[in-house]
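User: I would like to go through the helix packing and the cores of this model. Could we start with what counts as a contact?

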Amino acid sequence: MRWPDEAESAGGGHPCGSVAHHLDDPLASIRFLAHLETLKVAPREQWPALDGALLAEAREAARHLDDTGRRWGWVLYGLRREQHAYALVVRLLADPATRDIGADLAREACHGWRAAPVELLPPLVRHCGQGISPAMAGALTTASISAAAMRAHGALMATIPFTPYPRARRPSGNPPPYDSATAAAVLRARPVDTGRLRHAAEIFGALLDTGPLTFRQAAQLYNLTFKRPGRMQAVCAPMWLRHAGPTALARLLALMTPHLGDYGIGEYYSEGLARMGRHAMPALPSLTALIDRRTRIPVNDSTRDGETMLDERLLAAAIDARRAILADAAP
C-alpha cells in the first residue's frame, strides 16, 4: 500500500521544515508523521507528550502507512532512546490492533541495537498468537540472527512453528599439507613482489617451523604483509611476527586494529590477532571497544538483515580473538 500523498509530504524526511500545521490534520497518518518529525528535533522535556500523541495515532495511522513501526524505530534510534524503544514494543505487542506495528518497531530495534534481540525475543514469541503474521515473522527472523538471543532464548523459539534465520557458514576446505621442501618450491615459482598466495599461513608456517626464511622468502612475506590491507595482510601478519620477532609487533598492530570493524575483512584481522595469542595483548582495547558497542557496526549489504548478520560475524570474531589472546596469556 502506498502512503497518501499528503502523508508522504508531511513526513517525507525533512525534519527542518515546519510541520506544525499538520499536527491537527483530519487524517491520522498525517498527524502521526507530523508528530514523528516534531519528535526528531524536540527538546527532551517534550518527549512524553509527543510519545502519547504517537501512541494515540498509531492504530489509525497504520491503516494508511505500511511502515509505521519502522519509521518510529528510525526516530527512536536517532534519538538514542534504546530502553524506551523496548518498552514501547512490549506495549504495542500487547494490543492485537497494534501488534504488527510493535513487530516492525522490534525489527528496526534489532537492526540498530545489539541488545534488542535478547530483550525483545520473549515478548515477540509470547504475542505471536495462533498464526504468525508477516510483520511478526520478519521480527522473529531478525531477532534470531543474534547469537546472544538464541543462546538465551533458543528453547523458547522452539515452542513456536518458526524456523530461525539460517546461519551462513564460511567454506572450510582443508589446505594441502606442506613441508619445508614443498613450501619452498611454491615460493620459488612466485615473484618476489607477489600480492596473493593461497595457503600463505601454511606455507610460511612450514618454513618457519624448520628454520629462518631465506632473504627472498622474507621479501615475499614482507610484501604480502605490508603492501596493502586485506585478507592477505591479516593472514600474513602473524607469520611476519614469527619471522621478525617482537620488535615488529607495534607496527603490525597499527596495521591491523583499524580494520577490525571493516565488514569485508574485519573477521580476518580478528583471526590474525587470535593467532598471535599473548603477543596481541596491546590490541585488547580495540577488540573490547568493538565488542562493547551497543549499536550495530555500520556496514553495507543489500538487506538490513544481511547487515545485521555482518555485524554479528564481526562481533563473534572479536570475541573469539579476545578469548584466544587471554587464554594464551594465562599462566
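Analyst: Contact here means heavy atoms within 4.5 Å. The model is a predicted one.

User: Which residues of α6 meet α17 on that basis?

Analyst: From α6, the residues are Arg 107, Glu 108, Cys 110 and His 111. They meet Arg 304, Asp 305 and Thr 308 in α17.

User: How do the residues of that contact divide into nonpolar, polar and charged?

Analyst: The contact of α6 with α17 has 4 charged residues, 2 polar and 1 nonpolar.

User: What is the packing angle of α6 and α17?

Analyst: Helix α6 packs with α17, which covers residues 304–329, at about 35 degrees. The two axes are 9 Å apart, and the crossing is left-handed.

User: And at what angle do α6 and α7 pack?

Analyst: For α6 (residues 99–112) and α7 (residues 116–126), the angle is about 160 degrees, with the axes 9 Å apart. Angles over 145 degrees count as roughly antiparallel, so α6 is roughly antiparallel to α7. In passing α7, α6 makes a left-handed crossing.

User: Which residues meet there?

Analyst: On the α6 side they are Ala 103, Ala 106, Ala 109 and Cys 110, and on the α7 side Ala 116, Pro 117, Leu 120 and Leu 124. This contact of α6 with α7 consists of 8 nonpolar residues, with no polar and no charged ones. Cys 110 is named in the contact with α7 and also in the contact with α17.

User: Changing topic: how many residues are in the largest nonpolar core?

Analyst: The largest nonpolar core has 49 residues. Those with the most contacts inside this core are Phe 204, Leu 252, Leu 273, Met 276 and Leu 287.

User: Which helices supply at least two residues of this core?

Analyst: They are α10, α11, α12, α13, α14, α15, α16 and α17. The largest share, 8 residues, is that of α13.

User: What is Leu 287 in contact with, leaving aside its neighbours within four places in sequence?

Analyst: Leu 287 is in contact with Leu 260, Ser 270, Leu 273, Ala 318, Ala 321, Arg 322 and Ile 325.

User: What about the backbone after α4: what is phi at Arg 80?

Analyst: Arg 80 follows α4 and has a positive phi, near 60 degrees, although Arg 80 is not a glycine. The residue is in the loop between α4 and α5.

User: Is Arg 80 buried or exposed?

Analyst: Arg 80 has a relative accessible area of 54%. Exposed means over 50%, so Arg 80 is exposed.

User: Where is His 199, and what is its relative accessible area?

Analyst: His 199 is in the loop between α10 and α11. Its relative accessible area is 23%, so His 199 is partly exposed. Phi of His 199 is also positive, near 60 degrees, in a residue other than glycine.

User: Lastly, what separates the C-alpha atoms of Gly 154 and Arg 188?

Analyst: Their C-alpha atoms are separated by 52 Å, and the two are 34 residues apart along the chain. Gly 154 is in helix α9, which covers residues 147–157, and counts as partly exposed at 24% relative accessibility.

Definitions and conventions
Residues numbered from 1 in each chain as written. Predicted model: local features only at pLDDT ≥ 70, side-chain atom pairs only at ≥ 80, totals over all residues. Heavy atoms only, no water. Axes fitted to C-alpha atoms, helices over the stretch in contact; angles between N-to-C directions. Helix = DSSP H or I, 4+ residues; strand = E, 2+ residues; numbered from the N terminus. Parallel < 35°, antiparallel > 145°, perpendicular 65-115°, else oblique. Left-handed = near helix turned anticlockwise from the far one by under 90°. Nonpolar A, V, L, I, M, F, W, Y, C, P; charged D, E, K, R; others polar. Core = buried A, V, L, I, M, F, W, Y, C linked by side-chain atoms within 4.5 Å. Buried < 20%, exposed > 50% of the residue type's maximum accessible area, 1.4 Å probe, protein only.
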